[in-house]
Amino acid sequence: MAQRWEGEERRGAAPLARDPPRGGEAAGGEEEPLLRGIFQIGKRSCNVVLSARQLRWSPIQPESRGGDSNMNLPCKEEFVEMKDIFSVKLKRRRFVGQKKGGVLLGITIFVCLKKENKLKDTAINFNNLSEDHCHSWFRCLKEILNGFPNRPKFLKVFVNPNSHKREATHVYHEQVAPLFKLADIKTDVTVTEYEGHALSVLKECELHTFDGVVCVGGDGSTSEIAHGLLLRAQIDAGRDTDYILSPVRAPLPLGIIPAGSTNVLAHTLHGINHAVTATLHIIMGHIQPVDICTFSSPSKLLRFGFSAMFGFGARTLALAEKHRWMPSNQRRDFAVIKTLASLKPEECELSFLPLKNSLQGSQENVTKVQWHTIQGHFLNVSIMAIPSLCSMAPRGLAPNTRLNNGSMALIVVRNTSRSEFIKHLKRYASVKNQFNFPFVETYAVQEVKIQPRTKIGHDTEENVFLHATSAEGNYPWNIDGDLMEGASEVHVREEGCHYTRFIMQWALFQVEKAFFEETGSR
C-alpha cells in the first residue's frame with residue numbers, strides 16, 4: 001500500500017520545526033481563528049488553530065496524576081506562516097494500482113523553507129480519519145492559498161534541450177514539473193528546436209491566457225525570451241519595432257530555471273544557481289524588479305538585454321561559438337586561452353551619459369548632465385544593468401550596480417600588458433576588488449555609445465569569423481552570453497525596470513523607473 005495526495009505520488013519529507021515569535025508575542029497575534037481542531041502530527045495529538053495568517057499547533061497535555069509537576073510544563077507551540085505554504089492535499093492510503101478512493105488519513109501541507117538563498121519544499125502531515133473534518137479544513141486552506149494574488153495558475157514554458165550538457169529537459173521533468181503539478185499549476189510546454197524558435201512562438205501565441213512565461217535553459221535562451229516578450233509588447237501597442245525610444249511594459253512575468261553552462265541571469269536573480277529554488281520562487285509568486293537595456297544601431301533596434309561585452313569578452317564568445325563541437329567547459333577554456341594568446345586592443349570612441357545622482361556638486365550641475373567622451377585603445381568594454389553573478393565571479397562582473405537602481409555599470413579596460421590583464425581577470429574569482437588597477441575605469445551611466453575605429457580580427461584560423469564580420473562593417477558583441485553582430489556604432493540605453501521576477505525569479509517588464517527596495521529575500 002502507498003500514500004497518495006489527491007492521486008499524486010510524492011516522496012516523504014521531514015516535519016517542520018519552527019520557533020514561536022520573539023518578544024513573548026503569541027503566534028497569530030490578535031487575529032481571529034478560522035478553524036480549530038485536533039490532528040495527530042508525528043506521534044502526538046495536537047490542538048491546531050488556523051487563521052488567515054498562520055497555521056499553529058501545540059501538543060495536547062494529559063491530565064496530571066499524583067501531583068506530577070512535570071506533566072504541567074507548558075508545551076512549545078509550533079507554527080507556519082500561510083504565505084509559506086504553497087499546496088495542500090488530502091492524504092489517502094491506496095493499494096498499488098488504485099487510482100481513486102482509498103482510506104482518508106488526513107491532510108498534508110507543503111511548505112517552502114528558506115536557508116540563506118536556497119529554497120526547499122517540505123511536507124507536514126495532519127492526520128485525522130474524519131472525512132467531514134478533513135474536507136472542511138482542506139477547503140478553508142485552499143481558499144486562503146487561492147487568495148494570494150501573484151501566484152500563477154497557468155504558465156507557458158520553454159525548454160531548450162540543447163542547453164549546456166543537454167540537461168534542460170531532464171531538469172524540467174525531474175525537478176520542475178513535479179513541483180508545478182503539486183502546486184496545481186497547469187503548463188503549456190514548448191521544447192525549442194532552433195535558435196529563434198521561442199521568439200517566433202511568442203510573436204504568435206495567445207499570451208493573455210497565461211499568468212507568466214518560464215524559461216528552462218541558459219542565458220542565451222532567457223535573453224531571447226526576454227527580448228521576445230518585450231518585442232511582442234511593442235507590437236501589441238502598435239509601436240515601431242525598428243526604433244524604440246520608450247518601450248511599453250510587457251504584460252507577463254518571466255521565470256528563469258537555470259539549466260545552462262554559466263546561468264548568469266538566474267544566479268544574479270536568485271543569489272544561487274539552483275533549479276528547485278527558482279521553481280519555488282515562481283510558485284510562491286514572489287516579485288522583484290530588474291533593469292533591462294536596449295541595444296540599437298543609429299537607425300534600428302538590435303535587441304533588448306541585461307548585459308553586454310565588447311572586445312575581449314565578445315571575441316572570446318565568437319571563437320567559442322566557432323568550436324561548438326567541443327564540450328561547453330572545454331570550449332570556453334579553449335576560447336579564453338586562444339583569445340589571450342592573440343590579445344589585441346580595439347580603438348574606440350566611447351560616449352556616455354553619467355547617472356544624475358552619481359555626479360558631485362551643486363544641484364545646477366546635477367541637472368545639466370552632459371555627454372562625456374573618451375577615446376583610446378581598449379581591451380574590453382562591459383555594460384551591465386545587473387550585477388551579473390556566476391560561479392567564476394561570485395561578487396559579480398559588475399558588483400557596484402544593482403538589479404533595479406535605474407542605471408548601468410560601464411567598465412572600461414584600457415590597453416595594458418597581457419600579464420596585467422590576466423591579473424585583472426583572476427580578481428573576478430576572488431574577494432579582491434577587480435577594478436583596483438590603473439588601466440580599469442568604472443562609471444555609473446544612463447546611456448552609452450560605442451564607435452569602433454579599427455577592424456576586429458586577426459589572420460589566424462581561429463579568427464576567420466571575426467575578420468569576416470568586421471569586413472562587412474559589423475562587430476561581435478556578447479549580449480547575455482549570446483553572440484550578436486553589431487553595427488559600427490551601438491547605442492545602449494537603460495530603460496528602467498522592465499523585468500520582475502517572482503522574488504529572485506520572475507521578470508515583468510515595466511517602463512517606469514523604480515528604486516531598489518530590500519524585500520528581506522536577499
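Let's start with a polar contact: the side chain of Asn380 makes one with the side chain of Ser382, at 3.1 Å. By polar contact I mean a pair of N or O atoms within 3.5 Å; within protein, one must be able to donate a hydrogen and the other to accept it, and residues adjacent in sequence count only if both atoms are side-chain atoms. A polar atom of the Asn380 side chain also lies 2.8 Å from the backbone nitrogen of Gly313.

Before going on, a word on what you are looking at. This is a predicted model, where local features need pLDDT of at least 70 and side-chain atom pairs count only at pLDDT 80 or more, while totals for chains, interfaces and linings use all residues. Residues are numbered from 1 along each chain as its sequence is written, and side-chain values use heavy atoms, with hydrogens and water left out.

Back to Asn380, which sits in strand β17, residues 372-384. Helices (H or I, at least four residues) and strands (E, at least two) are DSSP runs, numbered from the N terminus. Is Asn380 buried or exposed? It counts as buried, because its relative accessibility is 7%; buried means under 20% relative accessible area, exposed over 50%, and partly exposed in between, with a 1.4 Å probe and protein chains only. Leaving out residues up to four places away in sequence, Asn380 touches Met309, Phe310, Gly311, Phe312, Gly313, Ile411, Val412 and Val413, where contact means heavy atoms within 4.5 Å.

Now let's step back to the whole chain. The protein chain has 11 helices and 22 strands, and 52% of its 522 residues count as buried. Take contacts between residues at least 6 apart in sequence: 70% of them join residues at least 24 apart.

Next, the nonpolar cores. A nonpolar core is a set of buried Ala, Val, Leu, Ile, Met, Phe, Trp, Tyr and Cys residues joined through side-chain atoms within 4.5 Å. The largest has 32 residues, and Phe158, Leu207, Val213, Ile225, Leu229, Leu254 and Phe306 touch the most other members. Which element gives the most to this core? That is α4, with 6 residues. The core draws at least three residues from each of domain 2 (154-290 + 500-516) and domain 3 (297-360 + 368-494); those bounds come from an automatic or database domain assignment. Leu207 touches Leu202, Val213, Leu229, Arg232 and Leu252, again not counting residues up to four places away.

Let me stay with α4 for a moment. Of its 18 residues, 16 are buried, so α4 is largely enclosed by the rest of the structure. At 1.5 Å a residue α4 should span 26 Å, and its end C-alpha atoms are 26 Å apart, which agrees; the expected span is 1.5 Å times one less than the number of residues. Just after α4, Gly238 takes a positive phi of about 75 degrees.

On to the strands. β11 and β12 pair in the parallel sense over 5 bridges, with Val213 opposite Leu254 in β12; two strands pair if DSSP finds at least two bridges between them. Both faces of β12 are covered, with Leu254, Ile256 and Pro258 buried on one side and Gly255 and Ile257 buried on the other.

Finally, there is a second, separate core of 28 residues, including Phe86, Tyr172, Ile185 and Ile283. Strand β6, residues 85-94, has 9 of its 10 residues buried, so β6 is largely enclosed too. β6 pairs with strand β7, residues 103-115, in the antiparallel sense over 8 bridges, and Leu90 has Ile107 in β7 as its bridge partner.
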